[in-house]
Amino acid sequence: MDDTKEITSPNNEYSNGSGSDNIISLKGMYKDYFLDYASYVILERAVPSIEDGLKPVQRRILHSMKQMDDGRYHKVANIIGQTMQYHPHGDAAIGDALVNIGQKDLMIDCQGNWGDNRTGDRAAAARYIEARLTKFALEVAFNPQTTEWQVTYDGRKREPIDLPMKFPLLLAQGADGIAVGLSTKLLPHNFIELIKASIKILQEKPFKIYPDFQTGGLIDVREYNDGKRGGRVKVRARIEKVDKNTLAIKDLPYAVTTVSLMDSIVKANDKGKIKIKKVTDNTAAEVEILVDLAPGISPDVTMDALYAFTDCEVSISPNACVIVDDKPHFITVSEILKVCTANTKRLLQWELEIEKAELEEKWHFASLEKIFIEKRIYREIEECETWEAVIETIDRELKKFVATPSDPAKQGDGRVTLMRTITEDDIVRLTEIRIKRISKFNSFKADEKIAEIEKALAVVKHHLANLIDYAVAYFNNLLKKYSKGRERRTEITSFDAIRATQVVANNAKLYMNAKEGFIGSGLKKDDFVCDCSDIDDVIVFLKDGKFKVVRIADKVFVGKNIIHVAVWKKGDERTTYNLIYVDGKTGRSMAKRFNVKAITRDRDYDLTKGTDGSKLLYFTANPNGEAEILSIQLTQGCKAKKKLFDFNFGELTIKGRGSGGNIVTRYPVRKITQKEVGQSTLGAIKIWMDDVSGRLNMADRGTYLGAFDTGDQILVVYADGSYEITDFELTNRFEAKDVVWIGKFDPESVISALYYDGIKKWSVVKRFKIETNKAKQRYSFITEHRMSKLIFASTKPNPKINYSMKIDNKKMTGVLDLAEFIDVKGWKSLGNKLADHKVTGVKEIEDEKPSPKEVSNEKLQTGDTVDFDLDDKGQTKLF
């Protein structure tokens, strides 16, 4: 059945001339009108053209500003009014587009309050702000001779179809647009990198371009996919630790304002994802948002939590859609840049050809003028009575002294070879020469002018013959003139994936009622288990040998006779469960070790063979794979000869949770007790520190710190002359630029340090062992003075260094064995004085120590160097 409805036009607007009304189906109207509207929005409103990188409203704004350009600022309200001659929409849309272009600080020179895209503040009213085109815009975007024109919407004026853009503006500014049935999102790229990439395209070299944002921040481009749809980038704010209680946000992610960022932080705090006291916006010339942490909260974990739960990290999906030949196309940013570069080359060639034609015209007329005056042809027309006779006489007389390319027979013989034939327009121009010019004609100056034109023409022809080199020089000139202050602001790096469950603040407490079989955060009258978050999963083991994983809630029934409850982490390969169960069918006691790395939530899993009467006899959860030794006592009435024996879980391999296990005994068990706490059987964890992010990892990325087992710790020596002992949790983060040494802590290791004492103005050496035992607290081992500075630190047993300093404007160098210079003392000791001056350079000696003579001979070659060594008292002496 056809559901198509019909509409009859009552006023015969669609009459077919036959006297009957024209019938229009809704289906046809929808198809035609919708497609017309969709095409209009795509082509005329939302999607930029690949030729100049502009949407129609942006193009009309720039064209209007060029028409108004006199070098001075114009009221934005006036610019909007002028643009309305070309743009068939309201002033609000034009004003918003104008402010958007102005805030990108490339094409429009702004004056007044134009708002702030960092804070989200809007620009002042159009009557209060002014604008003009930048010198860059005037150079790259306008040339009437290379512009294709069309009439405006009302037919009164003409406007450019595309501006002759000799720069990849589309990629420099970026673009956003939502049309009918499609959208576009092109991220902005760096000005300097785009020009350098264009040069590489011209030179047929490989290139890569990545987004760069005015707001700075950090970006991970591993999944950028060259800007094509389906790719994405992760953008982060730059967060710094001010102290152990304060974080400072210094840069913003793209399209995030300070207001929206602070709102997201407050919401995360209200939901309990992070724990902060307050957040303060100190943004002025530079972005600064201070986050004050709650007491006892780790700044490293909070930093990760800010990335996980707030707008400090955003994921952006680019979608490069542009208009090519009046149709939308989805292409990559590399293809866009290649098209823009080819378009620039084509426009440069077009301009050169126009300039060549203009120079040839100048040369042609200058040559005719010189012949016309020097040969006194103007006298031959004195007797002519008609205009036609004048034209004919001049043409006849000129041909006596010139030759044309089409008449090779007349070339030479003292004739001037013209570049084209003489036309009537040329003769008319000659007749318009004034008598004053003829009387003051200087043949020498005329020759000079013709020579200058020929020289300029030769240059243009050379550029045309070497168009690639000319285009490269053009881009290099743009780089030289306009690149200052346009260096990359967004740092390209790689981000570690942050698991929300690892960094979320503990905003809930877990309780259990073991007898009744309930767990939850609302059972405050029952047994407390641990602190947790509201997004954690909880693993529960029951006496009958079953376990399940559930999402935490106020109250959840999991089964009676609970023996173990804990927060469960997906993919946890370290936590190992050791158990012994009795099989209800055979009566055998079985032992097994297993991990729980992946499950289906709310599903019951049986750790026994599933027979009736099966139950657990012994169970432990071991966070680092420990394997204990048990003492097992059998019942007195059994037939076993040995009724008391030891069982070592370390002899069992770790298998899947579904394995049956190994037989412990075939006889009934009376009692099982733990005899000895076992060691980890998983081996040590190899830890690295990422040199970029400073985060600890097990992925072999960055600096290797060592293999860590239960109880091991990390020692960090900082550039400010302090040290810290901390654990090897992967949530720990260190600023790589602030770390002098980091590695596995050995209580017997000695730290050898050279530092400058700001109080006594000495260079001091000290060696000490770590005597403090409080973890995650920094201890300063140099004097507390603003001029005090750590120069060198090492944990090697016998470190040796080459060092240098300036004394009386002379560079002095020496060799120092720190272990021989000073004995090991307390960490609070000042150390021994090395010199009365500040050591300015240190280099650790990896090989054997060179002799003082060798060092001296090498340095004395410079002519202004004096070497020194240490005397018996350990003081500096010259030699």
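Between which two elements is the loop that holds Asp-105? Asp-105 lies in the loop that runs between α4 (91-103) and β4 (108-111). The structure described here is a predicted model.

- Helix α14 comprises 23 residues (443-465), which at 1.5 Å a residue should span 33 Å; the C-alpha atoms at its ends are 33 Å apart, so expectation and model agree.
- At the start of α14, a side-chain oxygen of Asn-442 comes to within 2.9 Å of the backbone nitrogen of Phe-444.
- Ala-446, Ile-450, Ile-453, Leu-457 and Val-460 are buried residues of α14.
- The partner against which the buried residues of α14 pack is α10 (333-374).
- Two packed helices are described by the angle between their axes and by the distance between those axes.
- For α10 and α14, the axes come within 9 Å and cross at roughly 160 degrees.
- An angle over 145 degrees counts as roughly antiparallel, and α10 and α14 are therefore roughly antiparallel to each other.
- The crossing of α10 and α14 is left-handed.

**Helices α7 and α15**

- Helix α7 (residues 191-202) packs with helix α15 (residues 467-482) at an angle of about 170 degrees, and their axes are 9 Å apart.
- This angle makes α7 roughly antiparallel to α15.
- On the α7 side, the contact is made by Phe-191, Ile-192, Ile-195, Lys-196, Ser-198, Ile-199 and Leu-202.
- On the α15 side, the contributing residues are Ile-468, Ala-471, Val-472, Phe-475, Asn-476, Leu-478, Leu-479 and Tyr-482.

**Helices α3 and α4**

- Helix α3 (residues 76-83) and α4 pack at an angle of about 120 degrees, with 10 Å between their axes.
- The angle makes α3 oblique to α4.
- The crossing in which α3 passes α4 is right-handed.
- Val-76, Ile-79, Ile-80 and Thr-83 of α3 meet Asp-91, Ile-94, Gly-95 and Leu-98 of α4.

**Ser-64 in helix α2**

- Ser-64 is found in helix α2, which covers residues 56-68.
- Ser-64 counts as buried because its relative accessibility is 1%, and the cut-off for a buried residue is under 20%.
- Leaving aside neighbours within four places in sequence, Ser-64 is in contact with Gln-82, Thr-83 and Tyr-86.
- Thr-83 is also one of the α3 residues that meet α4.

**Loop residues with positive phi**

- Most residues other than glycine have a negative phi.
- Asp-105, which is not a glycine, has a positive phi near 55 degrees.
- With a relative accessibility of 44%, Asp-105 counts as partly exposed.
- Ala-255 also has a positive phi, of about 70 degrees, although it is not a glycine.
- The loop between β13 (246-249) and α8 (258-270) contains Ala-255.
- Ala-255 is exposed, with a relative accessible area of 66%.

- Asp-823 is placed in the loop between α17 (818-821) and β49 (832-835).
- Asp-823 counts as exposed, at 59% relative accessibility.
- Asp-823 and Ile-199 are 624 residues apart along the chain, and their C-alpha atoms are separated by 61 Å.
- Ile-199 is among the α7 residues that make the contact with α15.

Technical notes
Residues numbered from 1 in each chain as written. Predicted model: local features only at pLDDT ≥ 70, side-chain atom pairs only at ≥ 80, totals over all residues. Heavy atoms only, no water. Helix = DSSP H or I, 4+ residues; strand = E, 2+ residues; numbered from the N terminus. Expected span 1.5 Å × (residues − 1). Buried < 20%, exposed > 50% of the residue type's maximum accessible area, 1.4 Å probe, protein only. Contact = heavy atoms within 4.5 Å. Polar contact = N/O pair within 3.5 Å; in protein donor to acceptor, adjacent residues only side chain to side chain. Axes fitted to C-alpha atoms, helices over the stretch in contact; angles between N-to-C directions. Parallel < 35°, antiparallel > 145°, perpendicular 65-115°, else oblique. Left-handed = near helix turned anticlockwise from the far one by under 90°.
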